[in-house]
Amino acid sequence: MFLGTYTPKLDDKGRLTLPAKYRETLAGGVMVTKGQDHSLAVYPREAFTDLARRAATASRSNPEARAFLRNLAAGTDEQLPDAQGRINLSADHRRYAGLSKECVVTGSVDYLEIWDAEAWADYQQTHEENYSAASDEALRDII
């Protein structure tokens with residue numbers, strides 16, 4: 001499981017160092033894609049393959065499903081972390097997520113998210129209260 005919050009810096013070449021505790025798990029390669037809320041999602045290759053296969057089963061006559069599948073496939077980049085655990089983030093991915101030098105990597109159980117540090121702070125400010133006030137109805141399928 002991917003858990004926790006980390007604060008790596010994006011270098012001048014667009015490389016980001018993944019958390020050391022996950023390097024062995026991710027050494028075989030990762031899939032970097034546009035996530036929700038203008039973050040990036042980093043999946044182990046196998047987990048991304050499962051997601052992509054599920055997405056591909058959606059009805060092609062549904063415009064939202066088509067748009068999701070197209071954006072998922074077109075917005076994904078396969079990366080092999082280097083010996084220091086760094087991955088290259090494409091210019092398009094950096095633009096999409098508004099990444100500056102200061103980044104935040106968060107665990108999202110089965111994948112990692114990459115956020116611009118300021119965007120993550122804003123997100124937390126806006127949604128932290130929603131977390132503590134979550135209702136039984138919102139959580140009924142979780143807890």
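1. A residue counts as buried under 20% relative accessible area, as exposed over 50%, and as partly exposed in between. The points below apply this to a predicted model.

2. Leucine 3 has a relative accessible area of 44%, so this residue is partly exposed. Leucine 3 sits in the segment before β1, which covers 5–6. Together with Met1 and Val109, Leu3 forms a nonpolar patch on the surface. The accessible area of these three residues together is about 330 Å².

3. Glutamine 36 lies in the loop between β3 (30–34) and β4 (40–44). Glutamine 36 counts as exposed because its relative accessibility is 63%. Along the chain, glutamine 36 and glutamate 113 are 77 residues apart, while their C-alpha atoms are separated by 9.4 Å.

4. The largest pocket holds about 680 Å³ of space. It is lined by 27 residues, and the closest to its centre are Gly35, Gln36, Ser39, Tyr111 and Glu113.

5. Which elements supply at least two residues each of the lining of the largest pocket? They are β3, β4, α3 (63–74), β7 (103–107), β8 (112–116) and α5 (117–132). The largest share, 4 residues, comes from α3.

6. By class, the lining of the largest pocket has 13 nonpolar residues, 11 polar residues and 3 charged residues.

How values were computed:
Residues numbered from 1 in each chain as written. Predicted model: local features only at pLDDT ≥ 70, side-chain atom pairs only at ≥ 80, totals over all residues. Heavy atoms only, no water. Buried < 20%, exposed > 50% of the residue type's maximum accessible area, 1.4 Å probe, protein only. Patch = residues over 30% accessible without salt bridge, like charges linked within 9 Å, V, L, I, M, F, W, Y side chains within 5 Å. Areas by Shrake-Rupley, 256 points an atom, 1.4 Å probe, with all protein chains shown as cover. Salt bridge = Lys/Arg side-chain N within 4 Å of Asp/Glu carboxyl O. 1 Å grid on protein atoms, 1.4 Å probe; cavity = no way out; pocket = protein on both sides within 12 Å on 5 of 7 lines; lining within 4 Å. Points joined across faces, edges and corners; volume = space filled by probe spheres on them. Nonpolar A, V, L, I, M, F, W, Y, C, P; charged D, E, K, R; others polar.
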